[in-house]
Amino acid sequence: MLLLALAALTAQASPVTAPPPTLRADPFYAKHVAVAGLPILSSAKVPDTALIAAQSIVAEMLEHRPDIARTMQAMGVRVAVMAQDESTTDLPEQRGWTRPARDDPRLTRCERKHYDARIGRLTDRQYWNWRARGMGGVFTSAAAEDLLGQRTSRYYGETTFVHEFAHTIHHALRHAGDPLAGRIEQAYRAALAAGRWRGEYAMTTADEYWAVGTQLWFNSKRLVVVDGRRILSHQGLAAYDPALYAVLGTVYGDRHRLSADPFYLSPARIPAGPPPVSTAEVC
Ligand SMILES: [Zn+2]
């Protein structure tokens, strides 16, 4: 059954073309590939290799769960890839984005603490262009330099598209009413109660917990150190947070490597210099 699912996904992969008219894509978009029934779009500036990398990562993240791919099709999920010199608010779907308010639950601990200095003084456009090189959701965005693992990537050392597409999967689980969404929430609450991931981005929300866990599952997350304990691989994740590991396995099966991921087991995941005692953001 898994082989059949794989074949179905591969068969739906396509070469780079202009967006088909049926998509009614904004004229900003000049390139298109499809995967698992989902469109991936970009302007003419994005190299084909970045679209193909995104296509491969999406196919492999969904290969164990064709039902999630079908939910995403029904939700109208699309992926857009930005060129290095394009920004979050250049994408037509995100042109009107405004910066988050002071009480937005998505703010990190440090953003909330320093709201006036870090966010309050920025325009909407400045905020989003500083904040994100990709976001998950029904409209998922990605950045070419991130997909290609280029030195110019703001998040060099990890592939943030894996994180963002994990958010999209989480949205689809909720949309489908999959009990797994509740299990993610449960694992998150248990981790909070146990003091795991203290101060880490993973503890911002259940969503970030799932997305960071996904990066570790696929061995392409920058080093996490909590109270001197290093977590850098799927084995490290299994030992540190077995509940999170178990729910990740129900979505990703036994795959721990995404073929197109430039930071899979990369030494760039480990920062230079003496090993940190903690990777929590200091603010
Ligand atoms: Zn996230």
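This is a predicted model: local features need pLDDT of at least 70, side-chain atom pairs count only at pLDDT 80 or more; totals for chains, interfaces and linings use all residues.

Biologist: What is the strand order in the open sheet of 4 strands?

Modeller: The order is β1-β2-β3-β4, and the pairing is mixed.

Biologist: Which strands stand at the edges?

Modeller: β1 (31-35) and β4 (139-143). Each has a single partner strand, so one side of each is left without a neighbour in the sheet.

Biologist: And what does the twist average from one strand to the next?

Modeller: It averages 25 degrees.

Biologist: How many bridges join β1 to β2?

Modeller: There are 5, and the two strands run antiparallel. β2 covers residues 38-42. Within this pair, valine 33 sits opposite isoleucine 40 of β2.

Biologist: Which strands does helix α2 lie across?

Modeller: Helix α2 (residues 48-62) lies across β1, β2, β3 (78-82) and β4. Its angle to β1 is about 15 degrees.

Biologist: Where is asparagine 219 found, and is it buried or exposed?

Modeller: Asparagine 219 is in the loop between α10 (206-217) and β5 (224-226). It is buried, because 21 other C-beta atoms lie within 10 Å and the cut-off is 20 or more.

Biologist: What about phi at aspartate 227?

Modeller: Aspartate 227 also has a positive phi, about 50 degrees, without being a glycine. Its place is the loop between β5 and β6 (229-231).

Biologist: Is aspartate 227 buried or exposed?

Modeller: Exposed, with 11 C-beta neighbours inside 10 Å.

Methods. Residues are numbered from 1 along each chain as its sequence is written. Two strands pair if DSSP finds at least two bridges between them. Axes are lines fitted to C-alpha atoms, for helices over the stretch in contact, and angles run from 0 to 180 degrees between N-to-C directions. Two residues are in contact if their C-beta atoms, placed from the backbone, lie within 7 Å. A residue is buried if 20 or more other C-beta atoms lie within 10 Å of its own, exposed if 12 or fewer, and partly exposed in between; C-beta atoms are placed from the backbone.
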